[in-house]
Amino acid sequence: MSLRLSTVILPYRRWQEGGRSAWTRAEQLGFHAAYTYDHLSWRSFRNGPWFGAVPTLTAAAAVTDRLRLGTLVTSPNFRHPVTLAKELISLDDISGGRITLGIGAGGNGFDATALGQEPWTPRERADRFAEFVSLLDRLLTEDAVSYRGDFYSAHEARTIPGCVQRPRLPFAVAATGPRGLRLAARYGQAWVTTGDPRLYENGTPEQSVQALRAQAEKLADACAEAGRNVAALDKVLLTGFTPDRGRPLESLDAFVDFAGRHQELGFTEIVIHWPIPDSDFAAEEKVFERIALEAPAQLT
């Protein structure tokens with residue numbers, strides 16, 4: 001199976017000042033998908049421009065025709081399943097069935113307290129995530145849902161006409177721990193990882209590969225437990241957070257070597273960040289475009 005190459009476009013530029021052109025160029029370059037982060041603000045971009053994921057994807061859907069679109073990732077930090085489901089159904093309709101929902105448990109970043117709440121413990125995040133995913137699955141596949149859980153409720157929530165994609169738009173579940181991997185195995189059409197964050201500062205690329213191999217093996221175990229074939233799930237690596245950092249984007253050969261090593265682990269999709277000058281995602285635009293145009297043919 002050929003390795004798919006996708007990109008993630010951070011929503012930090014005004015639509016008429018480079019925002020729109022990045023999405024249309026992503027389609028021209030032949031990327032499989034273009035995603036965006038679903039945060040209220042993020043790390044070093046907190047004090048600068050940052051736009052909403054759903055409006056950005058709606059605009060992107062209007063100026064593209066073939067490119068898949070999605071979030072990497074949405075979390076429960078500031079979302080509710082009922083309102084999110086309505087937005088996703090609308091997005092899927094506007095795009096003609098091109099939306100993938102990347103979804104994760106969230107963390108302790110700015111999103112975690114922006115609504116005035118105390119940060120959740122890791123256990124509470126995991127509990128909320130499990131309830132969030134299961135309720136969202138129902139909302140996107142049933143016309144009317146009533147539910148009362150520990151964290152979320154729905155009262156005769158209507159989600160007619162449902163998704164263009166049937167039975168619903170695909171979930172790409174970001175997970176590394178056992179509970180998250182079980183959610184990916186049960187609800188996911190894809191699994192997403194950024195690697196082992198403990199290796200980012202002082203680890204080696206070789207250690208990262210070993211950690212990713214172990215994650216993939218645990219996913220296979222979770223799928224076996226759920227009665228699913230792990231081969232039925234796409235495996236997505238969001239790059240930029242392994243010890244390799246930006247080195248894979250330094251040249252075509254460097255990227256092909258990096259992607260090939262991860263393809264051997266079973267990854268079916270590699271996601272690279274659209275270049276952002278003077279940031280952790282800085283890269284030469286000409287090299288980036290050459291990778292987009294030429295790398296997929298070398299990774300069949």
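Mentor: A crossing counts as right-handed if the near helix is turned clockwise from the far one by less than a right angle, and as left-handed if anticlockwise. In this predicted model, α3 passes α4 in a right-handed crossing.

Trainee: Which residues make the contact between α3 and α4?

Mentor: From α3 they are P81, V82, L84, A85, L88 and I89, and from α4 they are F132, L135, L136 and L139. L136 is also among the residues with the most contacts inside the largest nonpolar core, which has 69 residues. F171 is another of these, and F171 touches L136, as well as L101, V133 and L140 among others. A second, separate core of 19 residues includes V8, Y35, L238 and F281.

Trainee: Why is D196 called buried?

Mentor: The relative accessibility of D196 is 13%. Buried means under 20%, so D196 counts as buried.

Trainee: Where is D196, and what does D196 touch?

Mentor: D196 is in the loop between β8 (190-193) and α6 (205-226). Leaving out residues up to four places away in sequence, D196 touches A211 and Q215.

Trainee: What makes the pairing of the D196 and R198 side chains a polar contact?

Mentor: The distance is 2.9 Å, and the cut-off for such N or O pairs is within 3.5 Å. The pair therefore counts as a polar contact.

How values were computed. Residues numbered from 1 in each chain as written. Predicted model: local features only at pLDDT ≥ 70, side-chain atom pairs only at ≥ 80, totals over all residues. Heavy atoms only, no water. Core = buried A, V, L, I, M, F, W, Y, C linked by side-chain atoms within 4.5 Å. Buried < 20%, exposed > 50% of the residue type's maximum accessible area, 1.4 Å probe, protein only. Contact = heavy atoms within 4.5 Å. Helix = DSSP H or I, 4+ residues; strand = E, 2+ residues; numbered from the N terminus. Polar contact = N/O pair within 3.5 Å; in protein donor to acceptor, adjacent residues only side chain to side chain.
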